[in-house]
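Welcome! Keep your viewer open and your selection tool handy, and we will walk through the model one stop at a time.

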Amino acid sequence: MKMLAQKSRWLLAGCLVGGLMIPLSLPAHADGEDALDAVARIAPEVFEEVAPLNDTQVTDGELLVSTDSAEARVPLNSGDQIRITDSGKELKITLPFDEKRVGGQREPGEPVQFDNGNGTSTIPVVKDDGSVQITTVIENAASPQSFRYDLELPPRLFDAPGHQWKCRVC
């Protein structure tokens, strides 16, 4: 029982760790509408307070976004992890269906989006405070409705003052 309580505490710590907000599941999107358009139509708040993006931030297979408070690295391949660094501490997040190793699609100035090839798309959005919101678009009732996000937490997480990592599931 003690071990279960400790694991639960670390899971909670993972959710509190880094300005992270995970997944907002959206209903089916209209024919011909891509995942970004569906999110903009159904949950426009996802694209509020977004860090500015440009092509100079794409390097070594990832999108690097630095803010005053943190640094976020979003992979261009779903098999790689999102990494958020704040005060020298790093949180890593594995995207759902990472075993498929899907290449992300991205237009200049827009976030990376991954078509998971199963009726879902994943869109990690870097906010201007260095947090990352991972949004999942579900196309229809036959699409998967369960998504796994593995977290790697920094050691001695609570030794650093000022960390305000958050996790929200909608």
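Select S66 and then E71 in strand 5: the two are bridge partners. You are looking at a predicted model, so local features here need pLDDT of at least 70 and side-chain atom pairs count only at pLDDT 80 or more, while totals for chains, interfaces and linings use all residues. Residues are numbered from 1 along each chain as its sequence is written, and side-chain values use heavy atoms, with hydrogens and water left out.

Now widen the selection to residues 62-66 and 71-75. These are strand 4 and strand 5, an antiparallel pair joined by five bridges. Strands here are DSSP runs of E with at least two residues, numbered from the N terminus, and two of them count as paired if DSSP finds at least two bridges between them.

Next, follow the chain out of strand 5. For a landmark, pick R73, which stands opposite R83 in strand 6.

Stay on strand 6, residues 82-86, and colour its two faces separately. I82, I84 and D86 make up the covered face, whereas R83 and T85 are on the uncovered one.

Which residue in strand 7 is the bridge partner of T85? Click on E90 to see it. Strand 7 covers residues 89-93 and runs antiparallel to strand 6, with five bridges between the two.

Time to zoom out. The strands you have visited belong to an open, antiparallel sheet of six strands, in the order 3-4-5-6-7-11. Strand 3 (58-59) and strand 11 (151-152) are at the edges with a single partner strand each, so one side of each has no neighbour in the sheet.

For the last stop, select L53, L63, V74, P111, P124, V125 and V126, which line the largest cavity. A cavity is a set of points on a 1 Å grid over the protein atoms alone where a 1.4 Å probe fits but cannot get out, and lining residues have an atom within 4 Å of a point. One cavity of 30 Å³ or more is counted, and the largest holds about 30 Å³ of space; volume means the space filled by probe spheres set on the points, which are joined across faces, edges and corners. Strand 9 (residues 120-126) gives the largest share of the lining, three residues.

How values were computed: On a 1 Å grid over the protein atoms alone, a cavity is a set of points where a 1.4 Å probe fits but cannot get out, and a pocket is an open set with protein on both sides within 12 Å along at least five of seven lines; lining residues have an atom within 4 Å of a point. Helices (H or I, at least four residues) and strands (E, at least two) are DSSP runs, numbered from the N terminus. Buried means under 20% relative accessible area, exposed over 50%, partly exposed in between (1.4 Å probe, protein chains only).
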